[in-house]
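This briefing looks at helix packing and aromatic pairs, grouped by topic.

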Amino acid sequence: MKLAVNGLAGLRVLRDLRRRDPSALRRRIDPPAPDPAPRKRWTVGALPLDALLLSEPPTKKRPLDVVVPRPAQRLGAGFARNTVYGAGVRPGSFVDAGNGVAIPSPELLFVDMVGRLRFPVLVLLGYELCGTFGRDSADPMMGSVAFGVEPATTVGKIREFLEACTYLPGREDAYRALTYVADNAWSPMEAVLATMLTLPLTEGGYGLGELRLNVRHENPPELVARGCPESRVPDIELAVAPVGFNYDGRGHYDLQAVAAATDGPGRAAAIKDARSKYVDDLRRNRELMAMGKMILPVCSEDLFEEGALDALVVEALRCVEAMGAEVPGFAIGYLASAGAAKRRQELLWSMLPWSEAQDYARELEKKSRALKEWLAGKRPKCSV
């Protein structure tokens, strides 16, 4: 059996490979012609459900996205939705995922998700593919996260791929989304924060421009000689000024471990560990300030509480002004619109790991479809 899948099916397999066998992403091939052998024709029974990470077979209502090199090779089965990737795509644009399954390379997959994902979520996917964390294939929003994994690709590699393809649907939108992606995100929450900060106001973000993530800065020798670390790494920095952000989530200080400790030694150890992290964070921010960098701490409440991220961004903009710089084309007054603030908050909530996220995501998708219909002249009954 040979079959190439794309869309969400390809993304699911890629996420699994990143966590289980990242070297597999370097096995580049051309998309294989579909072959159901040893079966004579394509049926649901011919599909390797385990290799595709499917808990149940695809149906006509929930089809499997497949790729064929030529139009004549399309699968006629009702459970398949075909995409033809032919001569316009750069050679070696697929990955041999094993068990007869091929998926788009990370670079092609980014383009392939144009139109399948809302634009901000496509940018968020870019941070994941170019970062060092891996989302769960079965439950990317709420499932476990793998940290310290090899990046699937880089912004530069995606851009090079786009330039090498002579014809590729979604190419221009992928270029536009790539403008707001940066390499080296270390966690999903960091990626969500970066996405919101860099997305333009018209897309529901804050429009703070280009970002740099997890860039290591050397401490001066006189500090190192006095026991300070040789370097410090702020999570996110603005390109326009030495201002940035460090995200410290709920588990960072592990206060639950302190509360759960029942005996004296255990509680003392838990308190010491939390205190050690707290002190190190204070010293990190102080040392970065000594390097001329103003790094604002960010907590989970700044993302989950309504309006809190707006306040944080205003604080950051005041820091930028204090540094004698400015964000081109931006004014704090742009954040004053109550309607825009509501849209920003809904977008942010739709990307966070909590149970209500899917509700906000569905509502945004509904509004997006309604707006497209309105622009197409269909005039839907609901207002957006």
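Rings of Phe, Tyr and Trp (its six-membered ring) pair if their centres lie within 6.5 Å, and planes under 30 degrees apart count as stacked, over 60 as edge-to-face and the rest as tilted. By this definition, ring pairs link F304, W349, W354 and Y360 into a cluster. The model is predicted, so local features need pLDDT of at least 70 and side-chain atom pairs count only at pLDDT 80 or more, while totals for chains, interfaces and linings use all residues. Residues are numbered from 1 along each chain as its sequence is written, and side-chain values use heavy atoms, with hydrogens and water left out.

**Aromatic pairs**

- The structure holds 7 aromatic pairs, among them F119 and Y180, which are edge-to-face at 6.3 Å centre to centre with 80° between the planes.
- F119 lies in helix α3 and Y180 in the loop between α5 (171-178) and α6, so this pair ties together parts that are 61 residues apart in sequence.
- Both F119 and Y180 are buried (under 20% relative accessible area, with exposed over 50% and partly exposed in between, for a 1.4 Å probe and protein chains only).
- W349 and Y360 form a tilted pair, 5.1 Å centre to centre with 50° between the planes.
- W349 is buried, with a relative accessible area of 10%, whereas Y360 is partly exposed at 25%.

- Contact (heavy atoms within 4.5 Å) between α3 and α6 is made by P120, V123, L124 and Y127 of α3 and by A191, V192, A194, T195 and T198 of α6.

Methods
Helix = DSSP H or I, 4+ residues; strand = E, 2+ residues; numbered from the N terminus.
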